[in-house]
Amino acid sequence: MANADAVAVAASPEAIAARLVASRYLADDSLATAIFLAIRLGKPLLLEGAPGVGKTEAAKAVAELLGRELVRLQCYEGIDAGHALYEWNYQRQLLAIRHAGEHEIDIYDDRFLIARPLLQVLRAPERRVLLVDEIDRSDHEFEALLLEFLSDFQISIPERGTIRAATQPIVILTSNRTRELAEALRRRCVYHWIGYPDARREAEIIMLRSGDVAEATARAVANAVQEIRARPLAKPPGIAEAVEWANAATILEKGGSPWPEAFRRAIGVLIKDEEDLSAIAPELGRIVDEALG
Amino acid sequence: MRDLDNPFSPFTGRRCPEGADEGQRHAGQNLALPLTCLPASSPRKRGEESLPPATAPFLGFARLLRDHAFAIAPEQITSFMQAVSLLGPRSMNDIREAALAILASSPDRRGEFEAHFRAYFYGDAKPSIEGEEDETRVKDDRGARAEENQTVGQEKGGELSSALEQLSSRDFPGDADGLGQFRRKLASALPARRSFRTARTRSRGTLDLRRSLSEIVSADGDIPSPQLRRRQAVPRKLLLLIDVSGSMKLHTADYLKLAHAAVQGADSAEVFTFGTRLTRITSALRIRNREQALARAAALVDDWDGGTRMGPTLLAFLSVPRFSAFARGACVVVLSDGLERGSHAELEIAMRRFRARAFRLSLATPLAGDPRFRPATSALRAILPVLDDLVDGSSLTSLTDFILSLARPAPAAGTIWKRVS
């Protein structure tokens, strides 16, 4: 099913989790199991979650643990086959036709073919991992196209015939759930919902991802962020923002600001919305004090 | 590591979905009994005619989920069994993780899924599942959160609205009105925006190299007229937010009919109700039959004719990223009398945030049906500057006319009402 080296790496969910830590990504058991199953069953892995919980980071970590290159296809509204599969280099084709004059020329030769992410992965599935990022941003037509790709791992180019993957590629899809995905797509995937981590795990993540943040700082940041997320903000802070906040506060503290003050002054990297800032400002002192204490 | 006392305990004391397969039910005691019934659509490969008896509980669990309207394909069942055997299974948790990864798709139904899992594999009491549809979670915890924030303040303004939650359900009798025409016209009447997707066109576009070149090749090198593409126009999203509090009692039935017609007619419409809680009812309204759809929606909403917490519920809506994404670039129509209990500061913030996201923000209030109506309450006066329209929502005709006219530019609500008063 999946290729041999990937299977060797994915011996068990625990092995995956350990390797993810080595790639500086802390996965809970459930995510490690989902990654393990996706690799071993040869199915795409669908990750959903709120913005900033580390979906794309998870994909990067998986590529790293397998020692493969990550090919990222960022979805957006209006993305089509020309951006995802392949495109002919029309200008070069036209030039080649003119250059050839009376000679015969194959204008559907490899050198005129521009491989887009899906085709790139299909050509070297043992060296690449495909990340289809934010698939909820694309429209239904593209989802249908992707469905075809994910079920057979082949692409038909009318001028060239069908290109098939030698082995099953490893594919990761992410979605922010701004739109419901088609049932057919979900069905084909191994599914995992990434939620916000609890304070203890978040502190561990901050320690792992940031430069030199003291453990006490990481724990205080994690507690304060949990508290802030519980409020109805326009944009609840993600994990990435929490890491940045810890970093920024540490830098400020080294520059001479005392602790609670450093957190307050660095709040701009955590909350990036003026209204949220003014909503949280009166309580920030209390939240930080409680988190520190 | 190996938790051997556990894996087969599930076989006893679990609930059998159909109750018909005695063989399956006692699979735990009688492991030699072959399993003969497969789902009709399951691929019967060689050697699969009689699955190993130990797989019976997994098949049974998938069937149980199907009985509870989880869409589960035969291939998912096969994958589930493969996943379980890949994981060991070393403990019940492995089975649970496999089930979550392969069978459970929608996070909204996660709670329900877990309840079924416990009931089936651990033999817990029959799961009590409330609200099988989408968004239960959001609906519930948002409500609870709003309750915590509830301030014990003086009630000023809006005598009709109260913060007390009065949970009740309601039936809607069906009747005929002019919504059919509204439904048919809606898709073309909504304001359009330029999509990034392109379509072929004969004039006014950019060169379509792909088609032009194949044209050249088929014309043997001649260059015929160039082929063009142009960005398409697509209708904007329509977001309806319906106030179901007690003060709107007379109008909610009509509003839901309108919402049903809108969901049926528009390409992408989203409908939420709010009172003391926030409930997404779009998926219920996708049912074509109006009576069924309305009955389903009515069952979903818990806070019929209760109090109003307009500001907090709208803020709750905006703080769920995927919901606030619905509002982005959309026509947002709030159907409410705008009678907010106590302070209107939160309502004002929410409306300002909607304004920043939406293409057009309108408030339709039934009070405006009265010719003497003026936006005089402090809440209305505060939100008037951010509103694009403040219109009459007292009858279906005026509402449908208004929604069909959304594409036409109109002066801002503040200007109109200043002129009137």
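Analyst: This is a predicted model. Start with the sheet in chain B: 6 strands, in the order 6-5-4-7-8-9, with mixed pairing.

User: What makes strand 6 and strand 9 of chain B edge strands?

Analyst: Count the partners. Strand 6 (278-280) and strand 9 (389-392) of chain B each have a single partner strand, so one side of each has no neighbour in the sheet. The sheet is therefore open, with these two strands at its edges. From one strand to the next, the twist averages 20°.

User: What makes strand 7 and strand 8 of chain B a pair?

Analyst: Two strands pair if DSSP finds at least two bridges between them. Strand 7 (residues 331-335) and strand 8 (residues 360-365) of chain B have 5 bridges, in the parallel sense. In one of the bridges, B:V333 has B:S362 of strand 8 as its partner.

User: Which strands of chain B does helix 12 lie across?

Analyst: Helix 12 of chain B lies across strand 4 (238-243), strand 5 (269-274) and strand 6 of chain B. The helix runs at about 145° to strand 5 of chain B.

User: How many residues of chain B are in contact with chain A, and what does contact rest on?

Analyst: Contact requires C-beta atoms, placed from the backbone, within 7 Å. By that test, 32 residues of chain B are in contact with 34 residues of chain A. Several elements of chain B each supply at least two residues of that side, including helix 4 (92-102), strand 1 (192-201) and helix 14 (345-357). Helix 3 of chain B gives the largest share, 6 residues. By class, the side of chain B that touches chain A has 20 nonpolar, 7 polar and 5 charged residues.

User: How is chain A divided into domains?

Analyst: Domain 1 of chain A takes in 4-79 + 116-194, and domain 2 takes in 199-292. Their C-alpha centres lie 32 Å apart.

User: Where does the label "domain: AAA+ ATPase" in chain A come from?

Analyst: It comes from UniProt, in an unreviewed entry, which lists residues 41-195 of chain A under that name. In the model, this span of chain A is 34% helix and 27% strand. Its end C-alpha atoms lie 24 Å apart.

Terms used. Residues are numbered from 1 along each chain as its sequence is written. Chains are lettered from A and ligands numbered from 1 in the order in which they are written. This is a predicted model: local features need pLDDT of at least 70, side-chain atom pairs count only at pLDDT 80 or more; totals for chains, interfaces and linings use all residues. Two residues are in contact if their C-beta atoms, placed from the backbone, lie within 7 Å. Helices (H or I, at least four residues) and strands (E, at least two) are DSSP runs, numbered from the N terminus. Ala, Val, Leu, Ile, Met, Phe, Trp, Tyr, Cys and Pro count as nonpolar, Asp, Glu, Lys and Arg as charged, and the others, Gly among them, as polar. UniProt positions are given in the numbering used here, feature names are shortened, and annotations may be inferred rather than shown by experiment. Axes are lines fitted to C-alpha atoms, for helices over the stretch in contact, and angles run from 0 to 180 degrees between N-to-C directions. Domain bounds come from an automatic or database domain assignment.
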